[in-house]
Amino acid sequence: MKTRPGVFIPALALALSLFAGNGAPQEPLPRNDQRRAFGHIVDYDGDGTSDPSAFSIETRTLHGMGGLERSWKSAFAFRLPVPADYNGDGKTEIAFFDGGMWHVYGHLITRFGEKGDWPVPGDYDGDGKADLALWRPGSGVWLLSDDLQTSWGDSADIPVPQDYDGDGRTDIAVWRPKEGAWYIKYSGGEPAFVSWGSEGDIPVPGDYDGDGKCDPAVWRPKEAKWRIKCSGGEPAFVSWGSEGDIPVPGDYDGDGKCDPAVWRPAEAKWHIRGREPVSLGRPADIPLAWNIWILWAKKLVGPPSGEN
């Protein structure tokens, strides 16, 4: 089935480049700040730090820090939250993907993709805005637009797009659990292979050393250990969390480095390394972090996208 991007509802959107709050075009973020917007951060207020938040499918309500709470009535099933900065203003927009329909709240509704696709938004062109993008697990095809497609990965892989070379553009990448292998296709076209992790691990890539490049990393549930292959130096091994937790890495203190963090469903608490636990949401809620599709792929939160 051919995808059909660009079916807009005019009342909610002019174009991705124009949907700032006042309708004026937004300047792209400075190059050295783009990793904050698209690397490992969900930042609703634009202060440069990750904001813990949780979404209830039952009540269709988002709960966040500082009293942030939003509820919606809609025909959409809200199968997969996809928070990202889609308009380049430095703030994360609340968005959902359901069987090919994208809904960026207050800004945009458009169809791009089909049932079974996985949304993988990121700044693939380096313009300072998250792009609508899809990974089709059945064929291993990435769709960055109707005309821009590339094959990378297979059905057993997990998509892990990030900026691995620090050029300000999201790189197409997959992690292959059976091999513990990272297959990265840099935005310039060059391929790379990194052996890191093993089957049973959960990929948690992020810029843990603050050098502006994403580091391949995994969280091993049975050991509750973060294994990080730092691009700027020696590997790092950090014990954080416990079995049954859900990894939600992010830059929670604004120092430009990704912090190990977990959501503990039984407590409905965020446990962020270096901080006191944060109570937020309910045990059945979905923790909202940039790696949401990884969590669904590993069946850690809710059913996989596209399944009933």
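Arg136 and Asp117 join their side chains in a salt bridge, with N and O 2.7 Å apart. A salt bridge here is a side-chain nitrogen of Lys or Arg within 4 Å of a carboxyl oxygen of Asp or Glu. This pair links distant parts of the chain, with Arg136 in strand β9 and Asp117 in the loop between β7 and β8, 19 residues apart. Strands are DSSP runs of E of at least two residues, and helices are runs of H or I of at least four, all numbered from the N terminus.

Before going on, a word on the model: it is predicted, so local features need pLDDT of at least 70 and side-chain atom pairs count only at pLDDT 80 or more, while totals for chains, interfaces and linings use all residues. Residues are numbered from 1 along each chain as its sequence is written, and side-chain values use heavy atoms, with hydrogens and water left out.

Back to Arg136, which has another partner: Arg136 also forms a salt bridge with Glu114, the closest N and O atoms being 3.6 Å apart. Arg136 sits in strand β9 (residues 134-136) and Glu114 in the loop between β7 (108-111) and β8 (118-119), so this pair ties together parts that are 22 residues apart in sequence.

How many salt bridges does the count come to? It comes to eleven. Another one brings together the side chains of Asp154 and Arg176 (3.5 Å, N to O). Asp154 lies in the loop between β11 (149-151) and β12 (158-159), and Arg176 in strand β13 (residues 172-176), so parts 22 residues apart in sequence get tied together. Salt bridges with shared partners join Asp154, Asp157, Arg176 and Glu179 into one network.

So how covered up are these residues? Buried means under 20% relative accessible area, exposed over 50%, and partly exposed in between (1.4 Å probe, protein chains only).

| Residue | Relative accessible area | Class |
|---|---|---|
| Arg136 | 17% | buried |
| Asp117 | 1% | buried |
| Asp154 | 32% | partly exposed |
| Arg176 | 18% | buried |

Now for the cysteines. A search of the whole structure turns up zero disulfides, a disulfide being a pair of cysteine sulfur atoms within 2.5 Å. The sulfur of Cys214 has its closest cysteine sulfur in Cys258, 7.9 Å away, which is too far for a bond. Cys214 is buried at 4% relative accessible area, and Cys258 counts as buried at 3%.

Asn87 is buried, with a relative accessible area of 1%.
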